[in-house]
Amino acid sequence: MVLENFPTFSEWFLPGLVLFGGIVLAAILLGLFVGYVVASFRHGPFEAFYIVAQVVGESVPDFLGTSPRRVMAMARLAVKEALRRKVVIVAFVIFAILLLFGQWFMGGTENPEKRFMNTIMFGTQLLTLLTVMLISSFSLPEDIKNKTIYTIVTKPVRATEIILGRILGFGFLGTVLLALMGLISFFFVSRNLDHTHAVVGDTQTIASLTAIAPGTEISETTGKRVSPNAVMEGETNVELGHSHRLEVLEFTTDSDDDPNLKAPDIVSVEDVDGKKVFRRLVCLPVGGHTHQVTVSGTGNDAKISLGPAIGYFRARIPVYADSVTFLNRDGQQDEGTNVGKESSYRGFIDGGNARQRSSLARAIFSYSDFTPDRFQNADVIPLEMTLGVFRTYKGDMQKRVTGGLQFESVPDNPEVENRFVSEIVNFETNEYQLQIRPVSRKVIGKIVAPDGSFVAEGEYDLFDDFAANGKLNLSLSCRDVNQYLGVARADVYFRASDDVYWFNYLKGYVGIWCQMMIIIAMAVAFSTFLGTPIVMLGVLMMMVVGFFTPFIRGLTAADRDGGGPIESFIRIVTQKNMQVNLETGVATTLIKESDNFVSHRMGDLTYLAPNFKQLDFSSFLTYGYSIDNQRILVALAITLAFCIGLTLLGYFSLKTREIAK
Amino acid sequence: MATDTSSSETKTSKLEQTNPDYNPNIVIEAQNLTKIYRDFWGRQKVRALNALDLEVKKGEIFGLLGPNGSGKSTTIKLLLGLLFPTSGRAVVFGENATEVTKNERIGYLPEESYLYKFLTAEETLDFYGRLFDMPSEVRKERVQKLIQQVGLGHAKRRQLREYSKGMTRRIGLAQALINDPDLVLLDEPTSGLDPLGTREMKDMILKLRDEGKTVVMCSHLLGDVQDVCDRIAILYQGDLKELGRVDSLLQVSDETSIRAKNLPAAAQEEIREVIKKHGGDVIGVENPKSTLEELFLQIVRESEQRPGQRVSGSDS
Ligand SMILES: Nc1ncnc2c1ncn2[C@@H]1O[C@H](COP(=O)(O)OP(=O)(O)OP(=O)(O)O)[C@@H](O)[C@H]1O
Ligand SMILES: [Mg+2]
């Protein structure tokens with residue numbers, strides 16, 4: 001999963017508000033204009049002006065006169081009506097079927113939790129959105145057709161109340177539906193993922209493990225990579241499509257009361273040269289989850305038991321850099337080496353070549369608020385990286401590429417203050433493999449004077465010394481000649497302690513809730529002037545546009561191979577290759593210009609539809625990331641904006657409509 | 001009776017009158033009210049109402065009469081803002097008919113009862129009650145009272161989908177009265193009611209007037225109209241054909257009827273002599289007035305012969 005750069009709510013809000021205000025203003029002006037044209041068609045231009053002015057004049061008292069009590073009455077009616085339609089029940093039945101049969105397809109992978117989350121979030125989203133679309137696009141047209149609306153609008157009911165009441169009523173119903181589905185899914189997923197393993201072998205004891213000769217990298221018995229300090233290995237049986245590797249690891253400690261000595265998975269403790277040497281039995285994680293190991297007894301007869309799965313339900317909180325800058329080989333700032341199409345997202349760091357081995361190329365991640373409280377004052381902070389690798393020579397594809405990490409302090413006053421610079425720590429990576437590097441708070445490094453001269457060296461504290469002013473730079477370099485490492489801002493992050501899972505889960509559902517509210521508002525607003533089938537068609541179209549916004553915007557971008565709709569049509573008819581240039585001339589210019597125009601207008605249209613992807617947080621849940629509160633705020637603001645805009649649309653269209661026609 | 005009201009000067013002068021100093025005794029005012037139904041393309045389909053001028057005064061029962069399709073329902077819908085006039089104005093309580101605030105004081109019974117079939121009688125009235133500014137105790141009390149009043153106490157917990165036509169009509173009336181309106185617009189109130197229900201409906205309309213409320217009803221059941229209405233307007237193909245007090249409209253001016261009690265035969269003979277002496281013809285003592293039915297049929301017949309003849313609403 002790629003987390004894109006994301007503006008904070010406050011950064012987003014003002015431009016967003018301006019955009020929203022602009023759109024609403026444009027919509028109102030357009031609405032008035034269309035209204036005027038229609039009215040002048042019917043009543044002549046002067047009368048029409050009077051009519052439009054009257055509608056506008058009446059709208060203000062209508063907004064002010066909108067009463068919560070009447071809105072609630074309308075909402076209650078909407079709920080009763082929708083329940084009577086039984087669509088909600090049908091949705092539930094489909095959901096139950098989805099869960100029952102989905103179970104068969106969802107296991108059997110290293111990351112069953114991803115597949116479960118994915119399927120369930122998708123199913124919930126689809127069902128909820130379709131259900132609310134159905135109930136809300138039937139309601140108003142049915143009322144108009146049955147003329148029940150006559151008895152409503154002849155009461156002191158404002159058009160706003162008719163619309164808001166429905167949006168709230170269906171919103172309430174949808175919320176209940178969504179909450180129930182969310183709860184059921186949660187229990188369903190946790191029940192299905194809940195499993196434990198037994199150790200392969202006749203006895204569930206240490207005796208079923210085999211010893212590893214010192215220095216082994218690849219185990220001869222299992223063919224798997226062996227941890228450097230492993231002394232014994234074993235395996236569990238297969239459950240839920242996977243098994244775990246068990247290793248007995250050897251550690252040394254100085255202190256007698258090291259908490260590790262009291263862990264439940266201790267196999268043995270020995271005194272060697274006044275130090276404690278202890279062995280622990282660990283269960284290596286598979287796809288992010290592991291099991292608590294408990295060893296009871298001593299020697300070869302010690303019983304091994306594995307607990308329930310832990311780590312499925314994570315809500316990792318990544319702490320991203322505020323910005324990333326790339327330096328080229330010569331240490332000058334640029335955008336990162338371009339290695340082809342991909343580079344629009346990732347910048348590539350040059351590893352140097354044979355002539356210039358010590359490349360200065362690096363990506364510098366700048367943090368401006370790097371404080372210990374963001375990491376719960378932990379001594380070790382996990383740094384997680386997913387890097388792209390671009391090889392200029394292939395050689396051994398399995399051979400990992402080496403990268404280097406270095407911390408630097410960023411003095412507020414670089415002319416007079418000294419700087420802290422850490423040692424470069426090397427690591428190896430394969431392409432797009434999640435690297436988890438524990439970074440200790442205590443960092444070996446040196447102090448450098450403003451003129452670059454050496455001052456001192458030793459062990460310094462990452463927070464208290466390096467980031468004393470909250471600022472820290474992390475530079476990433478490529479240590480292999482002729483290779484490149486690709487990185488974007490979101491690819492490297494420190495991991496703060498996890499968010500509470502159920503809260504994150506709730507936030508994931510808030511995203512679906514936002515989509516649902518927009519669909520309801522859309523269906524209700526459309527149904528003030530369209531019949532049910534057309535409303536559904538319209539909403540479905542908006543959904544498609546909304547879910548594929550980036551794709552459609554990409555389509556409408558002007559500079560594609562083969563040109564826009566007209567040009568491509570001509571190419572098809574004249575059987576021209578996409579790369580061949582058309583003859584220059586008036587005709588070609590005309591074609592290109594009209595293509596440009598059409599494409600831009602189509603691109604503009606996508607801004608009318610909500611970008612549903614921006615409201616879709618299911619991938620956060622699937623991949624176990626915490627959903628940033630900023631995103632939730634932005635999503636809620638977008639939803640509110642759409643609801644307000646659509647309510648206005650519905651209001652004016654209902655107000656100017658002859659109900660009894 | 002005045003013939004053609006020609007529009008322009010009277011219209012403007014009336015427009016000026018309306019809102020600034022609105023006369024509380026005039027509840028409804030239609031000024032040159034015209035409705036032309038158009039199709040989707042804006043082409044004219046039906047001229048349902050033609051330059052109607054009308055005033056309804058506070059506290060009276062006003063009847064709109066006319067054959068099917070003459071524009072009665074259209075008039076009521078225009079007065080409620082359910083339709084927008086093609087030209088002219090509909091003013092209710094001194095406000096434009098499209099203004100929602102006037103609805104606080106209005107009750108409307110549509111030609112058919114357009115109610116939510118999935119609600120029970122109680123829920124229906126409770127729902128409509130919530131649309132007004134009334135405290136919940138008042139609402140609950142009114143709901144029960146109205147249910148008793150329209151005689152649906154035995155069926156108040158049943159869904160409206162199970163109701164018969166007359167029962168639906170009754171709950172429709174209760175719905176129209178939920179806010180204790182000052183003006184009640186009834187579109188064919190007695191349709192679908194049994195004789196007893198018709199009687200009750202007429203009594204209720206009279207009672208409403210006694211409470212000082214204004215009632216506008218339309219119907220083609222002339223007996224009903226004659227029984228309850230103070231004033232009537234007769235529409236024919238969208239034109240106003242007759243407007244006035246029921247009693248004076250039905251007064252036959254070239255006839256005189258004399259009623260007396262305990263008159264001996266000699267005296268009767270004497271009176272006949274006197275009438276004869278003055279050149280009169282004795283017709284009889286019965287039928288002192290014509291019936292509304294006669295008037296109605298006569299107007300319809302005349303209108304068919306001489307289309308276009310109209311009355312103005314301002315003179316009565
Ligand atoms: N929505 C409409 N679209 C087109 N024409 C309409 C519409 N409603 C009514 N009309 C026409 O307007 C005319 C007047 O109709 P209206 O309903 O006012 O008659 P009415 O006097 O109430 O008749 P009835 O006694 O049958 O109820 C009729 O010719 C009718 O066909
Ligand atoms: Mg009618």
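This briefing describes the overall build of chain A and then some of its parts.

The model is predicted: local features need pLDDT of at least 70, side-chain atom pairs count only at pLDDT 80 or more, and totals for chains, interfaces and linings use all residues. Residues are numbered from 1 along each chain as its sequence is written, chains are lettered from A and ligands numbered from 1 in the order in which they are written, and side-chain values use heavy atoms, with hydrogens and water left out. Chain A has 15 helices and 23 strands; these are DSSP runs numbered from the N terminus, helices being H or I of at least four residues and strands E of at least two.

**Chain A as a whole**

- A box of roughly 105 × 65 × 60 Å, taken along the principal axes, holds the C-alpha atoms of chain A.
- Chain A has 661 residues, and 46% of them count as buried (under 20% relative accessible area, with exposed over 50% and partly exposed in between, using a 1.4 Å probe and protein chains only).
- Of the contacts in chain A (heavy atoms within 4.5 Å) between residues at least 6 apart in sequence, 72% join residues at least 24 apart.

**A residue in helix α2**

- A:I51 belongs to helix α2 of chain A, residues 45-65.
- A:I51 counts as partly exposed because its relative accessibility is 26%.
- From A:I51 to A:I212 there are 161 residues in sequence and 90 Å in space, C-alpha to C-alpha.

- In strand β2 of chain A (residues 230-235), 5 of the 6 residues are buried.
- Strand β1 (residues 210-211) of chain A runs antiparallel to β2(A), joined by 2 bridges; two strands pair if DSSP finds at least two bridges between them.
- A:T210 is opposite A:E233 in β2(A).
- β2(A) also pairs with strand β3 (residues 245-253) of chain A, antiparallel and over 5 bridges.
- A:E235 has A:R245 in β3(A) as its bridge partner.

**The sheet β11-β22-β14**

- This open sheet of chain A has 3 strands in the order β11-β22-β14, with antiparallel pairing.
- β11 (347-350) and β14 (388-391) of chain A each have a single partner strand, so one side of each is left without a neighbour in the sheet.
- β14(A) pairs with strand β22 (residues 483-487) of chain A in the antiparallel sense over 4 bridges.
- A:G388 stands opposite A:G486 in β22(A).
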